[in-house]
Amino acid sequence: MSGFKPFADYSNHILVNGELRRSASTTALDVIDPATEQVVASVSDATDAELDQAVASAKQAQRAWLKLSALERTEALHKVAQAIEDNRPLLAESMTREMGKPYKEAFDEVTWSVWAFRYYAEVSRHDHGRVVGPVVGGHMNLVTKHPLGVVGIIMAFNFPYCLYSWEAAAALGAGNAVILKPSDHTSVSSLLFLKTMMPHLPPGLIGLITGGVRVGTAMVAHKDIHGIAFTGSVGAGRAVAKGCAENFKKALIETSGNDPFIVMPSANLDIAARAAVFAANLNAGQVCTSGERFYIHQDIHDAFIDKVVGLTRKIRIGNGLDKVDMGPMVSERERSRYEGLVSRAIEAGARVATGGARPSHLNAGYFVEPTVLTEVQPDAEILNVESFGPVMSVCRVADFDEALTLANRSDYGLGSTVYTTDLGETHRAIEELESGMTWINAPLMDNNAAPFGGRKISGMGSQLGAEGLDQFRHSKMVMIDPSCSSHDFWWFPYADAEAFGGEK
């Protein structure tokens, strides 16, 4: 077991009713440091009784939370944000040790989490509905906003702090309680993350239950969990959506991406090449909005390849706690899946411009070289699934029309990037690309005030912005007649002329 103290202290722990405690489960999984292949912790497959306890305490805490004023909830969320900020070094190191991303990226992610809590601390008290024009003179007609109740969050491993914060900050701001089921690869880090928040929130308002598919399925089916936010694979997302539909639960589903990255002749090629290498290799390519399918205009294709190959070869690979640009993939399973995809692409005719193997200087850890593949055909498997690894698959295109056509051919529709300074191409990209987000010369950036979400099989619903807040609220129409007057002109008994088709 690792000597990193939090791993020893929080292995097999869950968070129920404001208490961090060991799970009663006798089933556990090893957590392996992907940079060293050493077992650093273990994660319990929590029991059904523990889930029930977490839900019951969350339900009780939510009632008390809702009775607070909007200003009191805002103050609590600002304290949560400050607590996260104060613990950035510890939280970043924990994530790096548990899932592998470079410390710099982990530290940045903690900062993004702070921003999300601060944003929703304020936005959640800004809009609680609206007054609409009455249908009867003298009445008041309102639309009011109300929390769902208890929200379940089922989280992926790649951005465990940031994605949780996007959803939990909005859900808490809207007046809900939140129960998290983290990935097995980031459960201890997630416990530490929630531990920083606990002193500033009512006991039970946030909870954490560890486990696999069984626990996630139980959360979706639980009668007292009133909404689900899910991040993960398409297959699992479909199962969650179906489970929510059976019980008419509100669901936020964020699944996979297979994002196009288009570069046109008007772009600054040096900047576009740097952006492309970053978009493909951030977090070892384990980003749902990674640049994966690169459509490069034929007039600049060869020059672009030369530039990205040179930049890719400069990426420093190693343990995320060292001075590196890219850490390992999260697990041996993920590395094997990714390597199989790259291998089949090469067998199908793709040419390796650089990479394509494991780093020779690293004897342990789930490391791979960042890879650039050229001459990839549009129907190749690697262009039609989410690679979720550090690979650029490049297609040569004749013009912008072909680039748009190929970009839209995917079943996915999360993000899209275009490098161009042509105003006409910019406008067409905004109008025609079938994606939830489009970046023009600014890849992989988020804005807390703007929605994050996809189309097609990339999911449904939105995180962030006002849209992200409404994911965790329902709307109610309210009509008030302050004079409590009689409405004889439409109540029983109907006037004879109206009842029998005559005129008034």
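Reader: In this predicted model, how are H4 and H7 oriented to each other, roughly parallel or roughly antiparallel?

Author: The axes of helix H4 (residues 88–99) and H7 come within 8 Å and cross at roughly 165 degrees. Angles over 145 degrees count as roughly antiparallel, and the two helices are therefore roughly antiparallel to each other.

Reader: Which residues of H7 meet H4, and how many residues of their contact are charged?

Author: On the side of H4, the residues in the contact are Leu91, Ser94, Met95 and Glu98, and they meet Ser187, Val188, Ser189, Leu192, Phe193 and Thr196 in H7. Divided by class, the contact of H4 with H7 has 5 nonpolar and 4 polar residues, and the number that are charged is 1.

Reader: What is the handedness of the crossing of H4 and H7, and what is that of the crossing of H6 and H7?

Author: For the pair H4 and H7, the crossing is left-handed. Where H6 passes H7, the crossing is right-handed.

Reader: Why is H6 described as oblique to H7?

Author: H6 and helix H7 (residues 187–197) pack with their axes 10 Å apart, at an angle of about 45 degrees. Angles under 35 degrees count as roughly parallel and those of 65 to 115 as roughly perpendicular. The angle of about 45 degrees makes H6, relative to H7, oblique.

Reader: Which residues of H6 meet H7?

Author: From H7, the contact takes in Ser189, Ser190, Phe193, Leu194 and Met197. By class, the contact of H6 with H7 has 6 nonpolar, 3 polar and no charged residues. The residues contributed by H6 are Pro160, Tyr161, Tyr164 and Ser165.

Reader: Which element gives the largest share of the lining of the largest pocket?

Author: The largest pocket holds about 1400 Å³ of space, and of the 42 residues that line this pocket, the closest to its centre are Phe157, Gly232, Ser233, Ala236 and Arg333. Elements that give two or more residues to the lining include strand E3 (28–32), helix H8 (213–221) and helix H9 (234–246). The largest share, 5 residues, comes from H9.

Reader: How many nonpolar residues are in the lining of the second largest pocket?

Author: The volume of the second largest pocket is about 1100 Å³, and of the 33 residues that line this pocket, the closest to its centre are Lys104, Glu105, Phe278, Leu282 and Leu444. Helix H5 (103–123), helix H6 (160–173) and helix H10 (269–281) each give two or more residues to the lining, the largest share, 6 residues, coming from H10. Besides 4 polar and 7 charged residues, the lining has a nonpolar count of 22.

Reader: How many polar residues are in the lining of the largest cavity?

Author: The model has 3 cavities of 30 Å³ or more, and about 70 Å³ of space lies in the largest cavity. Of the 15 residues that line the largest cavity, the closest to its centre are Pro260, Arg293, Ala407, Tyr412 and Glu434. Its lining divides into 5 nonpolar and 4 charged residues, with a polar count of 6.

Reader: What volume of space lies in the second largest cavity?

Author: This cavity is lined by Arg293, Tyr295, Pro378, Leu383, Asn384, Leu406, Arg409 and Ser410, which divide into 4 nonpolar, 2 polar and 2 charged residues. The space in the second largest cavity is about 50 Å³.

Definitions and conventions: Residues are numbered from 1 along each chain as its sequence is written. This is a predicted model: local features need pLDDT of at least 70, side-chain atom pairs count only at pLDDT 80 or more; totals for chains, interfaces and linings use all residues. Side-chain values use heavy atoms; hydrogens and water are left out. On a 1 Å grid over the protein atoms alone, a cavity is a set of points where a 1.4 Å probe fits but cannot get out, and a pocket is an open set with protein on both sides within 12 Å along at least five of seven lines; lining residues have an atom within 4 Å of a point. Grid points are joined across faces, edges and corners, and a volume is the space filled by probe spheres set on the points. Helices (H or I, at least four residues) and strands (E, at least two) are DSSP runs, numbered from the N terminus. Ala, Val, Leu, Ile, Met, Phe, Trp, Tyr, Cys and Pro count as nonpolar, Asp, Glu, Lys and Arg as charged, and the others, Gly among them, as polar. Axes are lines fitted to C-alpha atoms, for helices over the stretch in contact, and angles run from 0 to 180 degrees between N-to-C directions. A crossing is left-handed if the near helix is turned anticlockwise from the far one by less than a right angle, and right-handed if clockwise. Contact means heavy atoms within 4.5 Å.
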